[in-house]
Amino acid sequence: QHHIIGGGYRKNCTCPCCGVGDRERWLYYVLKNKTDIFRISGRVLHFAPEYYMKKEIGQNGNVDYYMCDIAPGQGMHIIDITDIPFREQTFDYVISNHVMEHVPNEAAAVSEIKRVLKQGGRWIFSFPICTDQKTYEDETIVLPKDRLREYGQEDHVRLYGFDYKERFEKYGLKLEIFSPENEMSKKAIMQYGFIKDDVIIIARVDE
């Protein structure tokens, strides 16, 4: 019923050679071309790390790379994004690709990410976005079947809408928003199998 960027079935989304999906390819493009994450000597905290991203970031021998997830077995550390067990200003980058739509307490997660980022650090994140409505969430929707109906996936707790930029700016963040349709030609988008209106956000604290 809705156009949701990054949700549902996407034709040709998986690479036939390596199996990497479109979301991860787009994340790699942004990290490679818009950040120095593959070259820095610093610390990176990565929530729900994708297999290929773990491999690529890990090849930077100078980076102190913390892979984590709320579920056991998915990363080196079991960490709740709303209660991060590290000191203030520890990380140069925090990455959470398609994580925030699973987090009931959005404000607590943003507060923790801001706390552990160094001055000048960046939070790189994304989520499915419904382009034809404002962000929708209802705390009374708790059953998986109801979440599937309302948000498009059984373990999602909200459906982000076209107001996502203003929503995160209210937390005191300055956002840079990157999308394939604004970065490259239609031919390149087709060649790389990107979603043309997919979004990666790079955020920093508004001083």
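A: Start with a sorting rule: Ala, Val, Leu, Ile, Met, Phe, Trp, Tyr, Cys and Pro count as nonpolar, Asp, Glu, Lys and Arg as charged, and the others, Gly among them, as polar. Keep in mind that this is a predicted model.

Q: How do the residues of the lining of the largest pocket divide into nonpolar, polar and charged?
A: Rolling a probe the size of a water molecule over the atoms shows where empty space is left. Here the largest pocket holds about 390 Å³ of space. Its lining has 23 residues, and Gly6, Arg23, His98, Gln153 and His156 lie nearest the centre. By class, the lining divides into six nonpolar, 10 polar and seven charged residues.

Q: How many aromatic pairs does the structure hold?
A: A pair of aromatic rings is described by the distance of the centres and the angle of the planes. This structure holds 19 aromatic pairs. In one of them, the rings of phenylalanine 86 and phenylalanine 91 have centres 5.2 Å apart and planes at 85 degrees, so the pair is edge-to-face. Phenylalanine 86 and phenylalanine 91 are both buried.

Q: Which parts of the chain does the pair of phenylalanine 127 and tyrosine 164 link?
A: That pair is edge-to-face, with 5.9 Å centre to centre and 80 degrees between the planes. It links distant parts of the chain, 37 residues apart: phenylalanine 127 is in the loop between β6 (117-126) and β7 (129-130), and tyrosine 164 is in helix α5 (residues 164-169).

Q: Why does tyrosine 164 count as buried?
A: Buried means under 20% relative accessible area. Tyrosine 164 has 11% relative accessibility, so tyrosine 164 counts as buried. Phenylalanine 127, at a relative accessible area of 2%, is buried too.

Q: Which residues form one aromatic cluster?
A: Trp123, Phe125, Phe127, Tyr160, Tyr164, Phe168 and Tyr171 do.

How values were computed: Residues numbered from 1 in each chain as written. Predicted model: local features only at pLDDT ≥ 70, side-chain atom pairs only at ≥ 80, totals over all residues. Heavy atoms only, no water. Phe/Tyr/Trp six-rings, centres within 6.5 Å; stacked < 30°, edge-to-face > 60°. Buried < 20%, exposed > 50% of the residue type's maximum accessible area, 1.4 Å probe, protein only. Helix = DSSP H or I, 4+ residues; strand = E, 2+ residues; numbered from the N terminus. 1 Å grid on protein atoms, 1.4 Å probe; cavity = no way out; pocket = protein on both sides within 12 Å on 5 of 7 lines; lining within 4 Å. Points joined across faces, edges and corners; volume = space filled by probe spheres on them.
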